[in-house]
Amino acid sequence: MGAYARAVGVSARGCLDAAGPWTISCALRPPLPPLCFFLLLLLAAPGARAGGYETCPTVQPNMLNVHLVPHTHDDVGWLKTVDQYFYGIKNDIQHAGVQYILDSVISALLADPTRRFIYVEIAFFSRWWHQQTNAMQEVVRDLVRQGRLEFANGGWVMNDEAATHYGAIVDQMTLGLRFLEDTFGSDGRPRVAWHIDPFGHSREQASLFAQMGFDGFFFGRLDYQDKWVRMQKLEMEQVWRASASLKPPTADLFTGVLPNGYNPPMNLCWDVLCVDQPVVEDPRSPEYNAKELVDYFLNVATAQGRHYRTNHIVMTMGSDFQYENANMWFKNLDKLIRLVNAQQAKGSSVHVLYSTPACYLWELNKANLTWSVKHDDFFPYADGPHQFWTGYFSSRPALKRYERLSYNFLQVCNQLEALVGLAANVGPYGSGDSAPLNKAMAVLQHHDAVSGTSRQHVADDYARQLAAGWGSCEVLLSNALAWLRGFKDHLTFCRQLNISICPLSQTAARFQVIVYNPLGRKVNWMVRLPVSEGVFVVKDPNGRTVPSDVVIYPSSDSQAHPPELLFSASLPALGFSTYSVAQVPRWKPQARAPQPIPRRSLSPALTIENEHIQATFDPDTGLLMEIMNMNQQLLLPVRQTFFWYNASIGDNESDQASGAYIFRPNQQKPLPVSRWAQIRLVKKPLVQEVHQNFSAWCSQVVRLYPGQQHLELEWSVGPIPVGDTWGKEVISRFDTPLETKGRFYTDSNGREILERRRDYRPTWKLNQTEPVAGNYYPVNTRIYITDGNMQLTVLTDRSQGGSSLRDGSLELMVHRRLLKDDGRGVSEPLMENGSGAWVRGRHLVLLDTAQAAAAGHRLLAEQEVLAPQVVLAPGGGAAYNLGAPPRTQFSGLRRELPPSVHLLTLARWGPEMVLLRLEHQFAVGEDSGRNLSAPVTLNLRVRRAELRRRSERGKKEREKGNLALPQLIWAHPLPRRTCSPPSPSPACRRPRWWPTSSVRQPPGSSGQQTQAPHPIKLPTSWTRPTSRWNPWKSALSWPQFNGRRWMVRSAGMAPPSPSPLLRGQSRLSLSSWGCCH
């Protein structure tokens, strides 16, 4: 890339051919100095070897092999802040110092070449790494090269799976994987996803891991009923088919449940934090216990082996922040391994070894078994009959909203950094960088961060990190906008617009409003700014006056609720528009705030409407009563109001209380906040609103703008009163007459949709012990109910918990304030004060036919997650960037993308490269009558000379063996089978340490290597890169690796054939949920 970057030009031609795909051509244009935008075409690697697995230890084929996995689980914030954990500060809260753990582990590994260790949290490891000498770094590189120090997962953090958006998951994984690639090359490449502590597991997370190229996925927590059934059926390990849209095996992932969560077996913990007895093998000592421990271990191993299908089992030897004195662990494990293996001379069939998750996975794959298939997810998670971990779906809603806003701001920051180049990093406003916000956002994805399950001072520290990241990005945005606009002005970022605070707009008689649109398509956006009373004139980028209005908020407190200026901004794709605002002088206020409408019986119904939607309110109660979609002539009675569950503090059935993790209401039926609402009606040309006041701590504005096809409900809740000694969990509930037959639908991390059924689990017969909490599911962006004809969809502006507890009903938990801890380690009740006590948010309500609804909720969710960014300037700034003409409007695309294509990522990857991720955002069957699920072809025009040069580099890398290797393939039966060890069924293999039958290889698999397929155009698939390991150069996938590829496959499925290599081509295809770069 040169000193400055150009916009990426994308021209779109909306041509529907016989098959129906859109065709998009991508080309460069020169409004700015040149951007060297390189599309890296990734080439397959035929004949590749088993990368990395050659370092695995030797096993005994006719014995039960026990793989001991030394590890530590280091939360990136929980009871202590990130820095307190790293440096070992505040040990009176929790004894934990990550820097000492890593120091100790490296010393212990150097003491014995057979020892192994895995590490996960790159946020900690990268910090430790940069504090080491060059000599120590070389020592660590050698340990990684030998496979004795292995990285699992590879993300910046071990992210939560319930409250995270898939785009943020992608970003945090990118950050960690790139560090490993830059630091260790292919030696540091993780092969296994390792989510041992998240509190439930989403299907989308598994889909992402599969598309990243991981060979397997291991986790520790699943529902206690589910685990018991799996142990009986020998289904603790299986293939997870994690997408209903992507063509198998694109989203297939081998998944294993660890036997002890992530802890060692009972009585076998040898850490300074444990109290178990060390191994004493001197028979003269009165503390001698070696024989007892060996016998105990053999019994534990044999018992565990009965629930797994091969002659290999895994034991996690470590836990939270362990190995600060690694010698204690390894010295006792050394003795255990030697003593247990010595029993083989006496007839024992148990072999113990140091291992890693990847080496354990490798042995499972070589067993060549056929595995059952899972299609749903692992929510909700319960560890006991009255202990459902569904409260954290909604805990700390203010932090959850801050995280979602920060994801939006990070994408804006990344895009402008890529479009403008170095001029965005260093300019008239100083030095700015996307890296601080990128790292802060990655930390927020940790399973005790965005989940809301940390202590209060830790949550405050998470918010502090986000705020610091915003500051650096604000400088970057200011530099970029100065360069693009040609003006240097004092730019203002109003971070408190959600509570109507913006000093510049409230005091200035004239100012400019710059609105940036991060989407790849044009949008019209209603801008709302707090102002002083008066009349304002608003002009568009061409100097034409646009309609505007001032709404006086219905409140006696003008400081808390100032007047708001409204105007509609037309925003180009991937660009901005500048609007000028001027107050009309000598204006005398005439408008009055709307007065409350008294409740009178037999009063006519109140309505707000535009050309698409009509909402009707009951004049007696003030509650929403009816929604009409006038385009489709759909009328649905809808009653919406707020309720609260009385949080349990324990009862005769269980002492379990509601807390940060656990949701347990005291009774099934919630209590209404109020049975009626005081209402005020606002009707202006640009907006119609009904203001509802339910209580001193709960209110709502129901709003309609012109042209809007959804109803906006802006709710405000808090501070929740607890003076009555009752903890409260507040919900917004929608009641309709729809016959939904116990079914409702939620998104998975903002991406695909899953069907939910009340009091039901797809993979086992549920014994429902908590009818409310046991039916709650995570809602990242939307939840809906349908009777097959009409569909009511509610979109959220943050992650929340939601459910449908009776037919036709839908509820979302918006806030919770509790008086007792739930006993899961935080030791602090969820009692937010300060800024987190009062929360404002939005629900967007869509009513449509079931067939057409997807078009509405997909595109609206995209616009809600990546809403336009508003920046203000006083105007009259000095000219800047004299080499370019001043601009009041700019677009980074020549033409907008079609609605089915989402611009997921545009970010700078290096001095001469940017990272571009595009995805098809509609699932199979979501055509909505507009062919939106059809494949889309992208025609990216790139510089041919650069393309040839990079293709030649790829050829050289393949010759050097640096390219990716094929992914492990797992067989799964059709139909599914279950078996117990004595079964002779070929689809249900016996562990080899039991009496064995012949081991079947699939047809055509003689043990030789097989070239991995490289799909370029597959229905419902992502393109898989197979280049030198540059993590995330391709969207949501990374190089394939791992060898000895036996083409085991499902019955009736033909073996995949390799696709032609791309050489000099620039036509890429996106199918439903497909992605490319």
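1. A crossing of two helices is left-handed if the near helix is turned anticlockwise from the far one by less than a right angle, and right-handed if clockwise. By that rule, H5 passes H6 in a right-handed crossing. The axes of helix H5 (residues 166-184) and helix H6 (residues 203-212) come within 11 Å and cross at roughly 40 degrees. Axes here are lines fitted to C-alpha atoms, for helices over the stretch in contact, with angles from 0 to 180 degrees between N-to-C directions. H5 is therefore oblique to H6; angles under 35 degrees count as roughly parallel, over 145 as roughly antiparallel, 65 to 115 as roughly perpendicular and the rest as oblique. Tyr166, Ile169 and Met173 of H5 make the contact with Glu204, Gln205, Leu208, Phe209 and Met212 of H6. Contact means heavy atoms within 4.5 Å.

2. Some ground rules. This is a predicted model, in which local features need pLDDT of at least 70 and side-chain atom pairs count only at pLDDT 80 or more, while totals for chains, interfaces and linings use all residues. Residues are numbered from 1 along each chain as its sequence is written, and side-chain values use heavy atoms, with hydrogens and water left out.

3. Overall make-up. The protein chain has 17 helices and 48 strands. Helices (H or I, at least four residues) and strands (E, at least two) are DSSP runs, numbered from the N terminus. Of the 1077 residues in the protein chain, 65% are buried. Buried means under 20% relative accessible area, exposed over 50%, partly exposed in between (1.4 Å probe, protein chains only). Among contacts in the protein chain with a separation of 6 or more, 76% come from residues 24 or more positions apart.

4. Helix H3 (residues 122-129) is largely enclosed by the rest of the structure, because 7 of its 8 residues are buried. These are Ile122, Ala123, Phe124, Phe125, Ser126, Trp128 and Trp129. They pack against several elements, including helix H2 (98-111), helix H4 (134-145) and H5. One aromatic cluster is formed by Tyr119, Phe125, Trp128, Trp129, Phe151, Phe179 and Phe184.

5. Aromatic pairs. Rings of Phe, Tyr and Trp (its six-membered ring) pair if their centres lie within 6.5 Å; planes under 30 degrees apart count as stacked, over 60 as edge-to-face and the rest as tilted. The count comes to 45 aromatic pairs. Tryptophan 270 and tryptophan 329 are edge-to-face, because their ring centres are 6.1 Å apart and their planes stand at 75 degrees. Tryptophan 270 is in the loop between strand S9 (252-257) and helix H8 (290-305), and tryptophan 329 is in helix H9 (residues 326-342), 59 residues apart. Both are buried: tryptophan 270 at 2% relative accessible area, tryptophan 329 at 0%.

6. A phenylalanine pair. The rings of phenylalanine 409 and phenylalanine 493 have centres 6.3 Å apart and planes at 80 degrees, so this pair is edge-to-face. Phenylalanine 409 lies in helix H11 (residues 397-420) and phenylalanine 493 in the loop between strand S15 (487-488) and helix H15 (503-507), so the pair ties together parts 84 residues apart in sequence. Phenylalanine 409 is buried at 0% relative accessibility, and phenylalanine 493 is buried at 14%.

7. Charges over rings. The test is NZ of Lys or CZ of Arg within 6 Å of the ring centre and within 35 degrees of the ring normal. Arginine 191 lies over the face of tyrosine 53, at 5.6 Å from the ring centre. Arginine 309 lies over the face of tryptophan 371, at 4.8 Å.
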